[in-house]
Amino acid sequence: MKVSIIVPIYNVEDYLSQCLESIAAQTYTNCELILVDDGSTDSSLHIARASKTPWPTQIITQKNQGLSAARNTGIRHATGSHICFVDSDDIIHPRFIELMVKAAQHYPGYIPMVSFSRFTDQPSSQVISEDFHDAPWSLLNTRHAVEALYTTSTLTYFTVAVNKLFPIEMWKTRHFPHGKLHEDVFTALDNLLLAKGVCWIKAPLYHYRSNPESIMTTFSIKHFDAVDAYRNHVHTLVSYKDTDNAYLAALALLKTVLTYGSQIPTHQRLSAHDQQIFSRSLLWGKKAALALNLKKCSLKDGLFIVLFRLSPAFAFRLYRIALLASSKFRG
């Protein structure tokens, strides 16, 4: 089984070497490395060209088009039977690919998925050196995997693309949405529906760098792209007559509106373009809130559904307080 490792690159000169070194240290070696430089203006391309790996490497350059376009370019150039994605500021455990390949061989048709850990500077040396030879596996069928896609404690694991191994056929007629933020949300549901389920390797084999200056951790009107993605989820699940998971997707849509609506600075006046995007997201949030059955909700979710129905502005303010309190509690 040949694995194509796709790494989109854009202005990551401070982190790229560490990422590529972790890829070169993989115990599974039937791989090819595809580096897609998305118009970097720093020394990232030079670092990529100077890197050494024990397997064939393609280095592709293109003008800056964003993460989705860079991944799509990598997919088009992949020659492996399977592909995985690694973000260029992250690090992978030496057995990251090996254990996912074993899962794919044991359970054909299932998507292998690993857990991950977050770090800001350096990942735990103990986690990196851990062998994980007896890491537990959990097998979820498609319906349960889709349900987990909307469960708070597992949402990120099941949403992101970087902690999974995909058969290349899954991407022959599909692509990441060009110009969208939260591109993984757009593709996550279809990934699961095209598979028999997920084989979850419960070991932190992918190490995600938390960058406080990232667009993912600061407010941008682009965050409301996720509302469109969850709206697609709802429509898809309704067409599959999966009403239980369609309900969860609608709740995820509302929580997305609440999350990013609550982050809009109170002193900031939105441009006409941004206001149009926000108004559209607000409309879909209202539709979701009206459609959700309070009897199926937790007390907390039910409270915010009612508040959003009555006054979105007040719901945003209260949700902001709840998020801040939760953040301080975790800290």
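These legends go with close-up views of a predicted model.

**View A. Strand 9 and its neighbours.**
Let us start with strand 9, which spans residues 197-209. Ten of its 13 residues are buried, so the strand is mostly covered. Strand 6 (residues 110-119) runs parallel to strand 9, and ten bridges join the two. To find your place in this pairing, look for Ile111, which sits opposite Val198 of strand 9.

**View B. Antiparallel partners of strand 9.**
Strand 9 also takes part in antiparallel pairing, here with strand 7 (residues 137-141) through five bridges. A handy landmark is Leu139, whose bridge partner in strand 9 is Cys199. Strand 5, made up of residues 91-92, pairs with strand 9 in the antiparallel sense as well, over two bridges. Here Ile92 has Tyr206 of strand 9 as its bridge partner.

**View C. Strand 4, covered on both faces.**
In a regular strand, side chains alternate between the two faces of the sheet. Strand 4 (residues 82-85) has His82 and Cys84 on one side, with Ile83 and Phe85 on the other. All four of these residues are buried, and both faces of the strand are covered.

**View D. Strand 4 between two pairings.**
Which strand pairs with strand 4 in the parallel sense? Strand 1 does, over four bridges, and Val3 has His82 as its bridge partner in strand 4. Strand 8 (residues 166-167) runs antiparallel to strand 4, and two bridges join them.

Ile9 belongs to strand 1, which covers residues 3-9. Is Ile9 buried or exposed? Its relative accessibility is 1%, and because the cut-off for buried is under 20%, Ile9 counts as buried. Leaving aside residues up to four places away in sequence, Ile9 touches a set of residues including Leu16, Leu35, Val36, Asp37 and Asp38. Other contacts of Ile9 include Ser40, Ser44, Ala48 and Ser88. For Asp37, 28 residues from Ile9 along the chain, the separation between the two C-alpha atoms is 4.6 Å.

**View F. Helix 11 from end to end.**
Helix 11 is formed by residues 272-291, 20 residues in total. From its first C-alpha to its last the helix reaches 29 Å, close to the 28 Å expected at 1.5 Å a residue. Its buried residues include Asp274, Ile277, Phe278, Ser281 and Leu282. Further along, Trp284, Gly285, Ala288 and Ala289 are buried too.

Definitions and conventions. Residues are numbered from 1 along each chain as its sequence is written. This is a predicted model: local features need pLDDT of at least 70, side-chain atom pairs count only at pLDDT 80 or more; totals for chains, interfaces and linings use all residues. Side-chain values use heavy atoms; hydrogens and water are left out. The expected span of a helix is 1.5 Å times one less than its number of residues. Buried means under 20% relative accessible area, exposed over 50%, partly exposed in between (1.4 Å probe, protein chains only). Two strands pair if DSSP finds at least two bridges between them. Contact means heavy atoms within 4.5 Å.
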